[in-house]
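Welcome! Take a moment to look over the chains below, and then we will walk through them together, starting with a single residue.

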Amino acid sequence: MKTSSGTTGLILNEPLLWEKGQKGRCAFSFPEDDVDSSPLDPELASGGPDFPDLGEVDVVRHYTRLSQWNFGVDTGMYPLGSCTMKYNPKINEKMAGLKGLAGAHPLLAGHLSQGALKMMFELEGLLTEITGMDAATLQPAAGAHGELTGMLVIHAYHQSRGSARTKIIVPDTAHGTNPASAALCGYQPVSVASSEQGILSPEAIAAVMDEDTAGIMVTNPNTLGLFEENIRQIAGIVHEKGGQVYCDGANMNAVMGIVSMGAMGVDVLHLNLHKTFSTPHGCGGPGSGPVCVREHLARFLPVPRVIEKNGVYALSEDCPESIGKLHAFYGNFGVMVKAYSYIRTMGADGLKKASQLAVLNANYIKERLKDVFHLPYDRPCMHECVFSDKIQSAGKITTLDMAKRLMDYGFHPPTIYFPLVVHGALMIEPTETESKENIDLFIEALKSIAREAEENPELLRQAPHKPKVTRLDEVAAARKPQLAG
Amino acid sequence: MRYLPHTPDDIAAMLRVTGAGDLDDLFSTIPLNCRRKKDLNLPEPLTEWELKAHMNALSEAMAVAPDYQVYMGAGSYEHFIPETVPCLIGRSEFVTAYTPYQPEISQGTLQAIYEYQTLTARLLGMEAANASIYDGASALAEALLMAARITRRKKVALSRLIHPMYRRVVRTYLEPGGHEIVELPYLEDGRTDLSLLDAIDDLAAVAVQSPNFFGCIEDLKTAATRIHGQGGLMIAAFTEPLAYGILKNPGDQGADIACGEGQSLGIPQAFGGPALGMFASRMKYVRSMPGRLVGKTLDREGRKGFVLTLATREQHIRREKATSNICTNNTLCALAAAVYMASLGGTGIHKLAAMNRDKAEYLKKALKEAGFSVCFEAPTFNEFVVKFPAGFEKTYLRLMDQKIVAGLALAPYYPELSEHYLLCVTETKTRQDLDALVKEVSK
């Protein structure tokens, strides 16, 4: 354990909110009550909700203590595969908090909201340049929301050609959101297995692509961290039958400045600003899932569109073929500000360098750990590498055991048991913002865990030992759900 | 680049391990025809200081308080946000964590969300709330889809007094799946005409917003009784949850699902997002609910702890058969709402809600006395509709030049309501502000 940065320190217990406080306390600074009271008809009125009354110090200590039970990117390396947990620059948070941007009403007249509209217009342009696509919408609020938007665009495209298709091809390595998003449009997902090399073969696609199939949803680089080398040929097969190619851009962090999604044959692509463009993940959101399309699909994008004329920006509803609205207003504007700030800070060379280093870090980990863990696809990887628990499972140690033990060493575990095509998968995405010495520590920790798996397996089965709680009873939680106190 | 820690020596040493000659070699598996032909054409990178100047200029090109007095609500509300809210949710351990997949090192998020679920359920009079949906509009769309799943029916009824943009989002979500949407008209008093409900068969649900888009408080109880009579579900929508600080909650009035926008609860307006889709239902429907849920349990040593639960509803397990495609939601916004609700407390939220109502009533009365018509008679919370005389648009534009936004013109959303404006008053406006507004619109 000499290389471990995981240790224990004094953290404090904290009760539930409603186990604290005293009736009559308040942590809110009330403005003067300067008008007469107008009580509601008692038929409509209530005494208000049963909330605890807390003072400002009660509230501050409560959430400060809770925060200390958490692990974030700012705490340490968070190599959660497919989630791109890179460093989230502090300056970008500050920019999103600027008074004029954070305090703006979404229905302000155009001449009162030029700053926000200009930023959105420019961000759409930056994203189309980075992806090699032709047009973008920023409206989707998360990646899965972007997938739904993209599927609706494809649905509208087929409808405009008088063709009602019913199926969509989804590889077995896809994120679960892909089939779920397609199903919302009424498409039946057709699963296709990847080849022995971990990528799609043109033959497998040709075998299922027909004129009743709306297209394909492909993740490239895929969830095994591999580049879909046959993508151009696959796109050709799909296009020939009148289908459209949807790319899940969750893994765009591997290929900025290197790949053109347009050249690759992609018609629709969603991005995750909270992955590739460094906006924080916020315990699970808010994210932002812009969708980029080729020219022939631009007319279907959600409304309103941001337009520019002689240096004046406006919102336009003049898009008769649009799929409609996906969000009450324009999407997660505050998240867009952070992504915009990131892109303007990085520039072209910085973004390309980020992708190169993300890929370097992943390949370095892959090479240094492949003697210790089974590597099902031993090929150059992109931004993440996927191991299996084949070697350790012989000694009845699972991926879960190893993941839990990593916490004791001071690391967030990788994504586990995904993609489903790898047994006991450990999906490691270090991102470019981890230094060589952090990565070396991570590698040493995993090597040490592999040794422990042989010498003292019980240590792993009982892990983690250092966090505030140990493994929790998830079966009981689901059997008798207690969702509120 | 300050976010990239690699020195040239680091890169050289790491490349040696991978066997690649240089960084470009790492991408050898990418066919040439997939690659960019030219370098990215992006603006030159900005320093931290240049970025600040650039963003400040954008920020200054916006009309916001305190320079501007904005009397617009319509789904986005200006409320005072205690400094504790951004300060606490801005802690790195919250901001830079992801979905709590590893509960042992995510207990902070998990307990906070369990508490958010509890406060939300109590506010709305429901038994279970999820960890959030994107916004009020997508929450309503998800609620209607949930009702359709539960009842196995395809037709839903929507009040025309639900936020017009929410109704558009509902169409986007529901129509491709073959759902039928019926809109219920409104009565002269500014509430939904529920009499039509009895004439429509096979409804999965009726959705009514209260306070509605005109600010009027709806009769949710009657809506619930009628829809339950024909086996459908009652969905109570909202854009201004603060109202439930003084109003009877949706659960008490028979709603099966309550959903809406939580921006009002300590979240900046931010030009419309990120916001907070609040979503709650009766416990018996929880297994049909979309989104993440946090539940209480014990660890191996019998200590209390929290985990994500009922995941078998979700896309990563059920794939195309999931209750929703949602994955990333708006948790940090839910956390903001929890800190805000905790800061107000039961006593405070009642007092603040009453203050919003009182100030809005003050303006309503003063405008009436000044001779303007307050068209809808039903009681309101902090928004109401005023009919100004023909040609008011000129006055509206003049006021904008004086940095006052005198409400939202309703005609673009309700063509029959020309010269009608929706005004919103919150605790941020003083009596002096309101008197000045009345004087200016009367000029």
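## A leucine between two helices

A:Leu98 lies in the loop between helix H2 (90-96) and helix H3 (99-102) of chain A. Helices here are DSSP runs of H or I with at least four residues, strands are runs of E with at least two, and both are numbered from the N terminus. This is a predicted model, in which local features need pLDDT of at least 70, side-chain atom pairs count only at pLDDT 80 or more, and totals for chains, interfaces and linings use all residues. Residues are numbered from 1 along each chain as its sequence is written, chains are lettered from A and ligands numbered from 1 in the order in which they are written, and side-chain values use heavy atoms, leaving out hydrogens and water.

Is A:Leu98 buried or exposed? A:Leu98 counts as buried because its relative accessibility is 15%. Buried means under 20% relative accessible area, exposed means over 50%, and partly exposed falls in between (1.4 Å probe, protein chains only). Leaving aside residues up to four places away in sequence, A:Leu98 touches A:Gly103, B:Met55, B:Asn56 and B:Ser59, where contact means heavy atoms within 4.5 Å. A:Leu98 is also 10.0 Å from A:Gly334, C-alpha to C-alpha, although 236 residues separate the two in sequence.

Helix H9 (residues 333-369) of chain A packs against helix H2 (residues 48-60) of chain B at an angle of about 140°, and their axes are 11 Å apart. The axes are lines fitted to C-alpha atoms, for helices over the stretch in contact, and the angles run from 0 to 180 degrees between N-to-C directions.

## An enclosed helix in chain A

Helix H6 (residues 177-184) of chain A is largely enclosed by the rest of the structure, because 7 of its 8 residues are buried. Among them are A:Asn178, A:Pro179 and A:Leu184. Just after H6(A), A:Gly186 takes a positive phi of about 85°.

## Domains in both chains

Chain A is assigned domain 1 (92-345) and domain 2 (348-475), with bounds from an automatic or database domain assignment. Their C-alpha centres lie 30 Å apart, and the contact takes 28 residues from domain 1 and 21 residues from domain 2.

In chain B, the assignment gives domain 1 (69-80 + 345-442) and domain 2 (84-340). The C-alpha centres of these chain B domains lie 27 Å apart, with 33 residues of domain 1 in contact with 30 residues of domain 2.

## A closer look at chain B

Chain B has 12 helices and 15 strands. Of its 443 residues, 66% are buried, and its C-alpha atoms fill a box of roughly 80 × 55 × 50 Å along the principal axes.

B:Glu314 sits in the loop between strand E10 (304-308) and helix H9 (315-318) of chain B. B:Glu314 is buried, with a relative accessible area of 4%. Not counting residues up to four places away in sequence, B:Glu314 touches B:Gly291, B:Arg292, B:Arg319 and B:Ala322.
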